[in-house]
Amino acid sequence: MTELAINQSNRRWPVARIICIGRNYREHAREMGHDPERSTPFFFFKPASALLSEGEPFCCPWFSQEVHHELELVIAIDQTLSAASKQQARDAVCGFAVGLDMTCRDRQREAKAQGRPWELAKGFDGSAPCSALQLGRYQDLESTDQLHLRVNDKLVQQGSWRDMIWPVPELLAEISRYVQLTPGDLIFTGTPAGVGPVQPGDVMHATLDDVCQLEVSVVAQAAP
Ligand code: MN
């Protein structure tokens, strides 16, 4: 079973699925060349094998020359949501974390051009580094604000999760119209602007205020 550490606890949180949201911040939609106007949020899954816990190095896939970081607020839920209301969705939030939706941008461009799925670009082993989970309800999340990502101590991504096109309760409610969300699901809620490449030797340091933090060193992966 895939599990996530919990802040200030010896217990671990069992992860059901990893669900990632695309284009949920206007500036990032623009930097990727897309229309930033609000439309139905799209999502994709990462397998359990994508989860990379605090302390584990991130292996740059051998099959990509352009591996990008995407800094994201991660939401954990502990209730089943099916065609949920915003209030039900809000009540299902049981914790949050800071995560990285690591992306092989060259492979993603290729997949888009060829009409192929994104698994190779987004679902490879270790492609979802995630901090320990801060247990708390939505109101606890509301006392946080800023996401930061530093690569080798240089600030590369910064944003407030309040700038999401689809705020968390609406986002969860909307997705639950299409797939039933289950206790243990982790939702990566999209990235603010400033995505960019990493390479072996880099150290990524992501934070949500001083509540969640994640440090990941980047190492090379030999071609098989
Ligand atoms: Mn993303």
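**The cavity and its surroundings**

Let's start inside. The lining of the largest cavity has 5 nonpolar, 6 polar and 7 charged residues. Here Ala, Val, Leu, Ile, Met, Phe, Trp, Tyr, Cys and Pro count as nonpolar, Asp, Glu, Lys and Arg as charged, and the others, Gly among them, as polar.

Some ground rules. This is a predicted model, in which local features need pLDDT of at least 70 and side-chain atom pairs count only at pLDDT 80 or more, while totals for chains, interfaces and linings use all residues. Residues are numbered from 1 along each chain as its sequence is written, and side-chain values use heavy atoms, with hydrogens and water left out.

Back to the cavity. A cavity, on a 1 Å grid over the protein atoms alone, is a set of points where a 1.4 Å probe fits but cannot get out; a pocket is an open set with protein on both sides within 12 Å along at least five of seven lines; lining residues have an atom within 4 Å of a point. The structure holds 1 cavity of 30 Å³ or more. About 140 Å³ of space lies in the largest cavity. Its lining counts 18 residues, and G22, R23, H28, E70 and Q108 are the closest to the centre. Volume here is the space filled by probe spheres set on the points, with grid points joined across faces, edges and corners.

Which helix gives the most to that lining? It is α3, with 3 residues. Helices (H or I, at least four residues) and strands (E, at least two) are DSSP runs, numbered from the N terminus. Helix α3 covers residues 105-114, and R105, D106, Q108 and A111 are buried there. Buried means under 20% relative accessible area, exposed over 50%, and partly exposed in between, with a 1.4 Å probe and protein chains only. The buried residues of α3 pack against β7, β10 and α4 (119-122). Contact means heavy atoms within 4.5 Å. Just after α3 comes G115, with a positive phi of about 65 degrees.

Next, the metal. E70 (OE), E72 (OE) and D101 (OD) coordinate the manganese ion at 2.1 Å. Donors are N, O and S atoms within 2.8 Å of the metal (3.2 Å for Na, K and Ca); water is not among the atoms, so sites may look incomplete. The donor spacing in sequence is E-x1-E-x28-D. E70 lies in the loop between β7 (67-69) and β8 (71-77), and D101 in the loop between β9 (93-100) and β10 (103-104), so the pair ties together parts that are 31 residues apart in sequence. Are E70 and D101 buried or exposed? E70 is buried, and so is D101.

Now the open pocket. The largest pocket has a volume of about 170 Å³. It is lined by 16 residues, and R23, D35, E37, S39 and T40 lie nearest its centre. By class, that lining divides into 7 nonpolar, 5 polar and 4 charged.

On to the strands. Two strands pair if DSSP finds at least two bridges between them. H68 stands opposite T103 in β10.

Then look at β13 (residues 146-151). It runs antiparallel to β14 (residues 154-160), with 6 bridges. Q146 has S160 as its bridge partner in β14. This hairpin has 2 residues between the strands, and N152 takes a positive phi near 50 degrees.

β13 also joins β17 (residues 203-208), antiparallel, through 5 bridges. H148 stands opposite T207, and V151 has M204 as its bridge partner. The hairpin of β17 and β18 has 3 residues between the strands, and D209 takes a positive phi near 40 degrees.

One last residue. K154 sits in strand β14. K154 is exposed, with a relative accessible area of 57%. K154 and H205 are 51 residues apart in sequence and 9.5 Å apart in space, C-alpha to C-alpha.
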